[in-house]
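Open the model in a viewer and keep the sequence panel beside it. The stops below each begin with a selection and then say what is found there.

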Amino acid sequence: MLDVPHVVSLNAPVIPLKFDSTKKISLTIPPQSNATKSRIATAIIYCEANFGDIDGKTANGLIRRSEKYEIISVIDSEQAGLDSGMVLDDKPNAIPICRDLADALQQAGSVPDYFIFGMAPSSGMLSKHERGLILEAMSHGMNIVNGLHEFLNDDPVFAAACIASKVEIIDVRKPRAKKDLQMFSGRIAEVTCPVIAVLGTDCAIGKRTTATILTRALNDSGIKTVMIGTGQTGLIQGAGYGVALDAVPSQFCAGELEATVVKAFEIERPDVIVVEGQGALSHPAFSSSSFILRGSCPDGVVLQHAPRRSVRCDFEKMAMPTPASEINLIETFADTKIIGLTINHEKMSDIEVSAAITQYEQRLGIPVTDALTRSPERLVEMVLAAFPGLNRKLAANA
């Protein structure tokens with residue numbers, strides 16, 4: 001692991017940035033399809049005792065970016081009364097954190113369209129209390145958005161509640177019927193634009209954040225870019241293309257992702273496709289990264305790393321890999337190249353981030369930046385350096 005020095009300014013104290021692996025800046029990516037809606041559905045997010053933490057990453061992501069839902073409030077009794085934007089990044093957004101469902105409904109003034117389960121626990125299952133709360137929300141006439149591995153539409157109790165309350169449950173992670181799932185075909189070779197995967201050295205390290213910012217930065221520069229979501233949060237946020245990869249039977253993972261990338265390419269004809277990463281290739285608890293590398297066959301990889309994270313998230317006895325070892329593993333496993341490293345600055349001051357960027361660039365010989373605290377132009381430069389042919393797109397749009 002890189003030894004990042006603690007540097008103290010002569011003029012001011014070192015102040016750690018308020019950031020963790022779940023936090024994201026507010027971004028609105030240009031729509032990826034021609035479909036429009038006259039009204040965005042309203043929603044309450046449930047994130048009890050986890051808002052702002054790693055297991056609350058679905059709620060955190062939705063607070064910062066949601067194309068599909070207008071978020072009315074967040075439920076977390078431990079932070080009730082606070083502004084959700086202030087909790088996440090010290091910027092008010094007028095989305096309150098409420099004590100419970102009754103408080104959220106009272107503050108909303110009317111019943112929102114959806115109740116979103118905003119946590120992503122490692123178990124992927126609901127507790128007895130959470131089951132009861134969701135049923136209560138349904139009784140008020142709210143539809144349910146469920147991103148867990150537990151599919152509520154398959155539960156007789158929830159199925160009956162849907163009928164009784166005339167609402168629906170969206171099981172975001174539920175894959176298509178097996179007869180409709182696709183195996184890898186090799187059609188990924190028909191995708192002629194650069195495909196860039198954003199992978200990481202751990203789970204919950206900011207891969208979706210960086211992928212989102214990278215997509216936005218490239219689009220803003222005039223390079224048409226489409227992002228492929230591979231997890232439940234991205235799909236709930238409103239990703240135009242994606243698949244909840246960890247819920248697909250392993251035999252079909254590479255094929256389902258390949259088909260999604262090909263579909264996005266054929267419909268959108270983008271200049272670049274960015275694929276959101278999951279887990280880490282070196283992490284024994286996750287296999288999604290291997291399927292992302294196989295299914296999307298990326299031409300380049302941006303690697304996300306947290307210099308101050310010493311052990312894997314949720315695995316206290318498992319040391320973090322170094323960027324160099326992860327790069328070697330990725331480039332050995334797949335026919336691709338690492339085009340840059342991005343920093344997750346949890347527990348780091350801005351001075352330490354700068355020191356880390358300099359040291360990693362010297363050691364690895366690749367561009368390094370922090371997608372959240374440094375100019376997005378650095379990400380664009382990273383991509384242009386790896387794929388110089390894209391400069392013609394910039395020239396044409398100048």
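This is a predicted model: local features need pLDDT of at least 70, side-chain atom pairs count only at pLDDT 80 or more; totals for chains, interfaces and linings use all residues.

Start with the aromatic rings: a search of the whole structure finds three aromatic pairs. Rings of Phe, Tyr and Trp (its six-membered ring) pair if their centres lie within 6.5 Å; planes under 30 degrees apart count as stacked, over 60 as edge-to-face and the rest as tilted.

Select Tyr46 and Phe117, a tilted pair with 5.8 Å centre to centre and 40° between the planes. Tyr46 belongs to strand S1 and Phe117 to strand S4, 71 residues apart, and the pair links these distant parts of the chain. Helices (H or I, at least four residues) and strands (E, at least two) are DSSP runs, numbered from the N terminus. Both Tyr46 and Phe117 are buried; buried means under 20% relative accessible area, exposed over 50%, partly exposed in between (1.4 Å probe, protein chains only).

Next select Tyr69 and Tyr114, whose rings form an edge-to-face pair at 5.2 Å centre to centre, with 65° between the planes. Tyr69 lies in strand S2 and Tyr114 in strand S4, so this pair ties together parts that are 45 residues apart in sequence. Tyr69 and Tyr114 are buried.

Local features need pLDDT of at least 70 and side-chain atom pairs count only at pLDDT 80 or more, while totals for chains, interfaces and linings use all residues; side-chain values use heavy atoms, with hydrogens and water left out.

**The sheet**

Switch to a cartoon view and select strands S1 to S6. In what order do the six strands form the open sheet? The order is S3-S2-S1-S4-S5-S6, with parallel pairing. Two strands pair if DSSP finds at least two bridges between them. At the edges are S3 (97–98) and S6 (169–171), each pairing on one side only.

Now select S1, residues 41–46, where six of six residues are buried. Ala41, Ala43 and Ile45 point one way from S1, Thr42, Ile44 and Tyr46 point the other way, and all are buried.

Ile45 has Val74 as its bridge partner in S2. Include helix H1 (residues 57–64) as well, and S1, H1 and S2 make a right-handed β-α-β unit. A crossover is right-handed if, with the strands pointing away from the viewer, the path from the first strand over the helix to the second runs clockwise.

Then select S4 (residues 114–117), which runs parallel to S1 and is joined to S1 by four bridges. The bridge partner of Tyr46 in S4 is Phe117, the residue with which Tyr46 also forms the tilted aromatic pair.

Move to S5 (residues 143–146): three bridges join S5 to S6, and the two run parallel. Asn146 stands opposite Asp171 in S6.

**Charges over rings**

Select Arg294 and Phe333. Arg294 lies over the face of Phe333, 4.0 Å from the ring centre. A charge sits over a ring if NZ of Lys or CZ of Arg is within 6 Å of the ring centre and within 35 degrees of the ring normal. For another case, select Lys337 and Phe387: the charged end of Lys337 sits over the ring of Phe387, 5.1 Å from its centre.

Select Asn344, in the loop between strand S14 (338–343) and helix H11 (350–364). Asn344 is buried, with a relative accessible area of 0%. Its side chain reaches the backbone oxygen of Ile205 at 2.7 Å, and a polar atom of that side chain lies 2.9 Å from the backbone nitrogen of Glu346. A polar contact is a pair of N or O atoms within 3.5 Å; within protein, one must be able to donate a hydrogen and the other to accept it, and residues adjacent in sequence count only if both atoms are side-chain atoms.

Go on to Thr212 in helix H6 (residues 207–220). Thr212 is buried at 1% relative accessible area, and a polar atom of its side chain lies 2.7 Å from the backbone oxygen of Arg208.

**Cysteines**

Finish with the cysteines: a search of the whole structure finds zero disulfides (a disulfide is a pair of cysteine sulfur atoms within 2.5 Å). The sulfur of Cys47 is 13 Å from the closest cysteine sulfur, in Cys98, too far for a bond.

Technical notes: Residues are numbered from 1 along each chain as its sequence is written.
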